[in-house]
Amino acid sequence: MIPRYARPEMTAIWEPATKFRIWYEIEAHACDAQAELGVIPRENAEAVWKAKDVEFDVARIDEIEAVTKHDVIAFLTHLAEHVGSEEARFVHQGMTSSDVLDTCLNVQLVRAADILLADMDKVLAALKKRAFEHKMTVRVGRSHGIHAEPTTMGLTFARFYAEMDRNKARLQQARDEVATGAISGAVGTFANIDPRVEEHVCEKLGLRPEPISTQVIPRDRHAMFFAVLGVIASSIENIAIEIRHMQRTEVLEGAEFFSMGQKGSSAMPHKKNPVLTENLTGLARLVRMTVIPAMENVALWHERDISHSSVERGIGPDATVTLDFALNRLAGVVDKMLIFPENMLENMNKFPGLVMSQRVLLALTQAGVSREDAYSMVQRNALKVWEERLDFRDLLLADPEVVAALGEDGINEKFDMEYHTKHVDTIFQRVFGES
């Protein structure tokens, strides 16, 4: 991922130096286990740890790989340059390249998931703060982009909070599912290496042994991991699109914070554009585009091929780095977002009283009017509001049939805004465990 959309902590996980450090730890811990089992001399295992403070030379490894055409062999050759050829001759004993590559990838994905989980906590904290801040800030709810019935801005934030809370649980599950390692040798049979080596290495790296790994860790685990990242990205876009809609000039119920010195347009000095949330919509697309390749990686030939390898070298860093950046950007947008309650009420009153139509309809049916007749009575008045911008309540009060059924007091009572907010506390209790 390009530096513009990358944060250092996540980027560092995917740096070649980090990868080679994990490879080294896998090999060194495997040697310890082999020595404990009496397979290799103890002094050879201890000699490998002479490189524990070495900064592996990425350029040198690349130079060796240019000849060997094999990245793991290139690394092992470079390791021997530090440890000594004789001392290092038992490194990688009974192992295959995938033991190193797959176990390393899963270590990286687990570390990435831990950062993303912390990112999600920031988003959840921002959403919760704004939800309680605007718990009773009334705004019009929309379906199909059209005014429907009153809701509150707090419920909007609470809805996004609940969605992200589900996503956090999904990510935690995906992290746990991908946290396996494999040190099982060629085709995964442990023919040349004891399963206890795998157990030792996994324990040291914070993983669980993969129950059955053929020669690679099954890629359904990774497909699930990237699928969850795609769902999280879609939820980011869901929030971003709502904010973009709210910032439209004709709506202006909320807006991204516009900082001092910020410019909205190179041509039009008056512009305040929702550039951050538009960016989030784009970043969500980048994360989601990694999901299908991850799913296609599940189907490999027999016990192993490497059709998945080139894909994962790209989507591993790209998806996690992009999502990390997007989550942090979203947390900032929500935290600093400007809310305009006056505009919310003004928008709701563009068609005065119209959002109360269902309540009038229900009252008429409860008063003994058939649903068909009640609908007709309400709609004929509602259409006049649409077409002539008249006041819905005034029209109902001037309609003899409606008045006959409900009475003037009955009509007026149906325009009490608190009717639509009476269960907000209940919803907040469900979402947050508090109201």
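**Notes on the predicted model**

1. Gln108 is placed in helix 6 (residues 97-133), and because its relative accessibility is 5%, where buried means under 20%, Gln108 counts as buried. A polar atom of the Gln108 side chain lies 3.0 Å from the backbone oxygen of Ile13. When neighbours within four places in sequence are left aside, the contacts of Gln108 are with Ile13, Trp14, Lys19 and Ile22.

2. Strand 1 (residues 138-143) and strand 2 (residues 146-152) run antiparallel and are joined by 5 bridges. Ser143 has Ile146, in strand 2, as its bridge partner, and the hairpin formed by strand 1 and strand 2 has 2 residues between the strands, with His144 taking a positive phi near 60 degrees.

3. In helix 14 (residues 357-366), the buried residues are Arg359, Val360, Leu361, Ala363 and Leu364, and the buried residues of this helix pack against helix 15 (371-388), helix 16 (392-397) and helix 17 (400-413). Just after helix 14, Gly368 takes a positive phi of about 105 degrees.

Key: Residues are numbered from 1 along each chain as its sequence is written. This is a predicted model: local features need pLDDT of at least 70, side-chain atom pairs count only at pLDDT 80 or more; totals for chains, interfaces and linings use all residues. Side-chain values use heavy atoms; hydrogens and water are left out. Helices (H or I, at least four residues) and strands (E, at least two) are DSSP runs, numbered from the N terminus. Buried means under 20% relative accessible area, exposed over 50%, partly exposed in between (1.4 Å probe, protein chains only). A polar contact is a pair of N or O atoms within 3.5 Å; within protein, one must be able to donate a hydrogen and the other to accept it, and residues adjacent in sequence count only if both atoms are side-chain atoms. Contact means heavy atoms within 4.5 Å. Two strands pair if DSSP finds at least two bridges between them.
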